[in-house]
Amino acid sequence: MKPKRECPWSLTPQEAVKLQEEWRWEVKVEDGPRPEDLRLVAGCDVSFSQARGMLYAAVVVLKVPGFEVAEESTACLPATFPYIPGLLAFREIPALLSALEKIKSTPDLILCDGQGIAHPRGMGIASHLGVLFDLPTIGVAKTCLVGKWEAPGPERGSFSYLRYRGRVVGTVLRTRAGVKPVFVSPGHRVSVDLARELTLYLTPRYRLPEPLRLAHLLSYRFNRQG
DNA sequence: GCGACAG
DNA sequence: ATCTTGTCGC
């Protein structure tokens, strides 16, 4: 895959914030692909080695339904930009781009580890990646970055809305009974409720959606040099 | 000023 | 995210 537009990555944190404030107007929160329309779904994740100062990106593309692996790719880059809450994209996306470049197919949807529009400037890593490729993306995070929410019911599929500055920016979704919920927000070209439906559809067994779970395993094994 | 803060 | 082993439970 190749990005549909360019983005400067050697920025200071202040410049990165400025870029997010410009790009936020490119994000489209709207209807997108229905679960039954999906054929290929990609999951993206990045792990970090403190000892080596390196980032290990992994992309797994799954066929849907069935969740067979269609493609996998990894990339390893030195960590330059620091981790700053709200600026995760500038730390992780360069490594993810290297991995995504090696993917030959074009997925119908990309799932990212982190937030979409549930972000101080509406530009989490999933929205950033969505605008770069102009593809539907969803952010699935394990913890909250911004907003207020109530605990969803205990059964799989229960959810509550995540509200930030008077707006609904995502959902807190129970993907599996007895485990902590995940924070789902639109990245690009999906709505809040569609993002939740797609995420649940792609999470048949474990806490995390299958594409993300497999991408996480791959990046971790790559990190450990397995 | 104080607290919060994806990975 | 990483540093790190075993252990309890379905």
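This is a predicted model: local features need pLDDT of at least 70, side-chain atom pairs count only at pLDDT 80 or more; totals for chains, interfaces and linings use all residues.
A residue counts as near a strand here if its C-beta atom, placed from the backbone, lies within 6 Å of that strand.

DNA strand C first. Around DNA strand C sit Ser47, Phe48, Ser49, Gln50, Ala51, Lys142, Tyr220 and Asn223. E1 has the largest share, three residues. By type, the surface near DNA strand C is made of three nonpolar residues, four polar and one charged.

Now DNA strand B. The division by type is 11 nonpolar, six polar and two charged.

Back to H5. How many residues does H5 have? The helix has 14, and from its first C-alpha to its last it reaches 20 Å, close to the 20 Å expected at 1.5 Å a residue. An α-helix has 3.6 residues a turn, so residues three or four places apart point the same way. In H5 the buried residues are Glu210, Pro211, Leu212, Arg213, Leu214, Ala215, Leu218 and Ser219. What do the buried residues of H5 pack against? The partners are E1, strand E2 (54–63), strand E3 (69–78), strand E4 (109–113) and strand E5 (137–141). Just after the helix, Gln225 takes a positive phi of about 65°.

Take Ile138 as an example. Leaving out residues up to four places away in sequence, Ile138 touches Leu109, Leu111, Gly116, Ala126, Val184, Pro186, Gly187, Val190, Ala195, Leu198 and Thr199.

Another residue to look at is Leu162, in strand E6 (residues 159–164). Is Leu162 buried or exposed? The cut-off for buried is 20 or more other C-beta atoms within 10 Å. Leu162 has 26 C-beta neighbours inside 10 Å, so Leu162 counts as buried. Beyond its neighbours within four places in sequence, Leu162 is in contact with Ala118, Gly147, Trp149, Val169, Gly170, Thr171, Val172, Phe183 and Ser185. Leu162 and Glu150 are 12 residues apart in sequence, and their C-alpha atoms are 8.1 Å apart in space.

Last, some backbone details. Most residues other than glycine have a negative phi, and most peptide bonds are trans. The loop between E2 and E3 holds Pro65, and a cis peptide bond, with omega about -5°, joins Val64 to Pro65. Phe67 is also placed in the loop between E2 and E3. The phi of Phe67 is near 60°, a positive value. Phe67 counts as partly exposed because it has 17 C-beta neighbours inside 10 Å.

Arg189 has a positive phi too, near 60°. Where does Arg189 lie? Its place is the loop between strand E8 (182–188) and helix H4 (192–201). Arg189 is buried, because 21 other C-beta atoms lie within 10 Å.

Technical notes
Residues are numbered from 1 along each chain as its sequence is written. Chains are lettered from A and ligands numbered from 1 in the order in which they are written. Helices (H or I, at least four residues) and strands (E, at least two) are DSSP runs, numbered from the N terminus. Ala, Val, Leu, Ile, Met, Phe, Trp, Tyr, Cys and Pro count as nonpolar, Asp, Glu, Lys and Arg as charged, and the others, Gly among them, as polar. The expected span of a helix is 1.5 Å times one less than its number of residues. A residue is buried if 20 or more other C-beta atoms lie within 10 Å of its own, exposed if 12 or fewer, and partly exposed in between; C-beta atoms are placed from the backbone. Two residues are in contact if their C-beta atoms, placed from the backbone, lie within 7 Å.
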